[in-house]
Amino acid sequence: MPTEAPSGEAPAPAPAPAASSSGVSKSRETVSRFVAAASAASIAEFCTLPFDTVKVRLQLQNLAASSHPLTAQGTSTKYYGNPLQTLATIVKDEGVRAPFKGLTSGIHRQIIFTGLRLGMYDHVKDF
């Protein structure tokens, strides 16, 4: 039988939950933030890696052309043209999977960098 408070007062509020349950929820929140950040960064890496591959190939071609002795005489020709032609050439010469070379290491990098950076942000901010 519930006891009533004297003189019509409201009953006392329930005690607050133990401190350990808030630690568990904070840990779950940190893990979920880490997983969300790592997943988003991995998807972004997958979508942008072919463009990065094209960019690097064009940069290396220009670097090789500038250091080649025949370039000064104007007899060196470029293998790649614009970015779309570069992507088509890479796929034709090396296969459909070629623009995605290095995807595994790129995803590992994103999981570590972005997952930790965004997953731990609130902990560091509150520190």
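## Aromatic pairs

Rings of Phe, Tyr and Trp (its six-membered ring) pair if their centres lie within 6.5 Å, and planes under 30 degrees apart count as stacked, while those over 60 count as edge-to-face. In this predicted model, there are 2 aromatic pairs. F46 and F100 make a stacked one, with 5.1 Å centre to centre and 20 degrees between the planes. That pair ties together distant parts of the chain, 54 residues apart: F46 sits in helix α1, and F100 in the loop between α2 (83-94) and α3 (103-119). F46 is partly exposed, at 44% relative accessibility, and F100 also counts as partly exposed, at 29%.

Then there's Y79 with Y80, an edge-to-face pair at 5.0 Å centre to centre and 70 degrees between the planes. Y80 is buried, with a relative accessible area of 13%.

## The nonpolar core

Y80 turns up again in the largest nonpolar core, a set of 5 residues that also takes in V54, L58, I90 and A98. In soluble globular proteins, nonpolar side chains tend to be buried together.

What does V54 touch, not counting residues up to four places away in sequence? Its partners are P83, T86, L87 and I90.

## Around S42

S42 belongs to helix α1, which covers residues 19-67. Buried or exposed? S42 has a relative accessible area of 13%, so it's buried, as the cut-off is under 20%.

A polar atom of the S42 side chain lies 2.8 Å from the backbone oxygen of A38. Setting aside neighbours within four places in sequence, S42 is in contact with I107, Q110 and I111.

Conventions
Residues numbered from 1 in each chain as written. Predicted model: local features only at pLDDT ≥ 70, side-chain atom pairs only at ≥ 80, totals over all residues. Heavy atoms only, no water. Core = buried A, V, L, I, M, F, W, Y, C linked by side-chain atoms within 4.5 Å. Buried < 20%, exposed > 50% of the residue type's maximum accessible area, 1.4 Å probe, protein only. Contact = heavy atoms within 4.5 Å. Helix = DSSP H or I, 4+ residues; strand = E, 2+ residues; numbered from the N terminus. Polar contact = N/O pair within 3.5 Å; in protein donor to acceptor, adjacent residues only side chain to side chain.
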